[in-house]
Number of protein chains: 2
Amino acid sequence: MYNFEYQNPVKIIFGKGEIKKVGANIPVGSKILLTYGGGSIFKNGVYDQVKAAIQGFKVIEFGGIEPNPHYETLMKAVEIVKNENITFLLSVGGGSVLDGTKFIAAAACFDQGDPWLILSKHAPVKNALPIGAVLTLPATGSEMNGNSVVTRVETKEKLAFGSEKVMPVFSILDPEVIFSLPEKQVANGVVDAFVHVIEQYLTFPVNSPIQDRFAESILKTLIVEGPKVLANRTDYESAANFMWSATMALNGLIGVGVPQDWATHMIGHELTAYHGIDHARTLAIVLPGIMHIKREQKKDKIVQLGERVWGITEGSVDERIDQTIQKTVEFFESVGIPTRLPDYNVSTETIDTICERFEKRGFKVGEKADIGPVEIRLILENRL
Amino acid sequence: MYNFEYQNPVKIIFGKGEIKKVGANIPVGSKILLTYGGGSIFKNGVYDQVKAAIQGFKVIEFGGIEPNPHYETLMKAVEIVKNENITFLLSVGGGSVLDGTKFIAAAACFDQGDPWLILSKHAPVKNALPIGAVLTLPATGSEMNGNSVVTRVETKEKLAFGSEKVMPVFSILDPEVIFSLPEKQVANGVVDAFVHVIEQYLTFPVNSPIQDRFAESILKTLIVEGPKVLANRTDYESAANFMWSATMALNGLIGVGVPQDWATHMIGHELTAYHGIDHARTLAIVLPGIMHIKREQKKDKIVQLGERVWGITEGSVDERIDQTIQKTVEFFESVGIPTRLPDYNVSTETIDTICERFEKRGFKVGEKADIGPVEIRLILENRL
């Protein structure tokens, strides 16, 4: 295990009926910007619960934050925060609303020029407004970390930043929000959480049994509970287990002291940027390609994944790797998520474009920083 | 899974050579009380590393905090804190030094009368001095929680308190501190961490697969890594895995949303109070008795423990329970920790005394609060 530092002060408030606690967790006298997305919170009752819980606070609402939140939209919110002297941001939505709110929190306090620098140059985030979150969609893990991904429509760029300053002060996770989710969003959430774990696990061994077993624990739970939630959206217990899995998948804990990959995300982001494919779906496309192309480098962990998570105990190393990739693909497909580029009408031209962009950027990705344009071409061609 | 709240802001700094970071994590201008125990830190080099790292701070030293830290000793430190206007407590030692330091931190700020009330009446801890920890012994998990256990010699009472106010601001975990530990302390640490997991796991099922699998992950890791550390104290990787296991065993994470027991600890504390038996050893004595006497109530989880951790897959439920108890006892004995009262020269008179004390206290323990004097007698008689 490598040396590491870990600190995660986010307060998690978990369970049915807990949204009522939101007001008690916001400092008295705060002026709140309530951020939300496309308006599902008006249909599922969450908006009403939140509003009832923050009576007495001054509240301005800012809706319309998109999936893959747009820089252009978020900068409008930054303007409101400044003009209205907002002191607290309350994100009511899924990972996109929360990621967008994190950027608003940082950009509103940014004094080193254009806030785009936070994303494009990773300019340090020295201050940010405090954030509270009411989560309406388990998937991204954003509720218990300081990560954010933002898309600039103008340039088709999807870029990330991370700072402890934008970790939510609290996040309320009521699994009942899942009851009204469309099948597609649940399936996306299951795959998103699954691949978050894989990015911190499927690298090379560094003798880290706690991190490995915790990662396998989350994968096994997602494999069992995900399909149950899809089959019966009002199964509270499965919803709760799925929701807690998604949070644990990306709160940093399983990633301490181990190598991390994130190539699947980096390549997937390009597919979203160019084709608007849902984030989770891009991961389901790219991951099998990476497992195949990087099978030699990742073989020990792929075999471990196969054995401990999928129960694959027979065959040569190569056969086990093939079976493990196959099982993973079958799982994604079983929850309704196709895993090949043609399923999304993506042609070879896009592969060229993505490789060119990585060529220009000049850096490589993956746990050994050895996945560049050449490897990305092989990975994506594997998914044709 | 039950509803829960979880927040753990402790900053963990983990790995070899990390003790040098202690100064950078203490506020500039702090006046430090450096607390320690019997003086092992002078022999293993930790004292020198800490002193080098806090040059420039005003430091007063307070040594001699005992295993099962004494209220009487700690109150002397409280006096020094007040007289010397100490602003930061730096605990350099194992769980006892840190537990003692937590009580000093709370007692020094206590303004509602005799600080003993914090332990005897669970008087609320409204303020406490900030604490930093350099851990020299993996076992108690105190480095990442707000719990503390203190013994009053005068009355032979061993009592606990807990408050988020006494969670360390940071804890430095350098696994190399294990290299110079006596065998007995390593064995105690392995068993202590093992039973911490059991107290949060071996109750009744509430459909909590993440918590269950994380708990099993820690148990499996302790079973593999504990003996390796005992066999080769300078095996850094095993030391690191053992140390991280002990922290994860009691930082609250595996206990969220599930029933908890703690009867083994409550009964074990009495054996320490009356006979001075090492804390971990009292747990190794009591736990098999509880598993036996509460076999009906705990059967689902005992069978799950047997299957997933010990690989017991054959036999009737009763046979599996017996095998699981047997495997657990064998593990404790294999690391050199006897599990029966006569091994420690404890007679039946002590059983009478402990039952009388629980009779007087009038409350019962265990996850269903149904373990009182009658059950405690059965549990302890099972250990004769």
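Visitor: How many bridges join strand 1 of chain A to strand 1 of chain B?
Guide: There are 7 bridges, and the two strands run antiparallel. Strand 1 of chain B covers residues 4–14. Strands pair if DSSP finds at least two bridges between them. Strands (E, at least two residues) and helices (H or I, at least four) are DSSP runs, numbered from the N terminus.

Visitor: What stands opposite A:Y6?
Guide: B:I12, in strand 1 of chain B.

Visitor: Before we go on, what's the model and how is it numbered?
Guide: This is a predicted model: local features need pLDDT of at least 70, side-chain atom pairs count only at pLDDT 80 or more, and totals for chains, interfaces and linings use all residues. Residues are numbered from 1 along each chain as its sequence is written, while chains are lettered from A and ligands numbered from 1 in the order in which they are written.

Visitor: How many residues of chain A are in contact with chain B?
Guide: 31 residues of chain A, with 31 residues of chain B. Contact means C-beta atoms, placed from the backbone, within 7 Å. Strand 1 (4–14), helix 7 (209–231) and helix 8 (236–249) of chain A each supply at least two residues of the chain A side.

Visitor: Where does B:I210 sit?
Guide: In helix 7 (residues 209–231) of chain B.

Visitor: Buried or exposed?
Guide: B:I210 is buried, with 28 other C-beta atoms within 10 Å. The cut-offs: buried takes 20 or more other C-beta atoms within 10 Å of the residue's own, exposed 12 or fewer, and partly exposed is in between. Leaving aside neighbours within four places in sequence, B:I210 is in contact with A:S217, A:I218, A:T221, A:N241, A:W244, A:S245 and A:M248.

Visitor: Switching to helix 2 of chain A. Which residues are buried?
Guide: A:V46, A:Y47, A:Q49, A:V50 and A:A53. The face turned away carries the exposed residues A:D48 and A:A52.

Visitor: What do the buried ones pack against?
Guide: Helix 1 (40–43), strand 4 (88–93) and strand 5 (131–135) of chain A.

Visitor: Last topic: backbone. What is phi of B:H122?
Guide: Near 50°, a positive value in a residue other than glycine. B:H122 is in the loop between helix 5 (116–120) and strand 5 (131–135) of chain B.

Visitor: And B:W262?
Guide: B:W262 has a positive phi of about 70°, and is not a glycine either. B:W262 lies in the loop between helix 8 (236–249) and helix 9 (263–275) of chain B. With 17 C-beta neighbours inside 10 Å, B:W262 counts as partly exposed.

Notes. Two residues are in contact if their C-beta atoms, placed from the backbone, lie within 7 Å.
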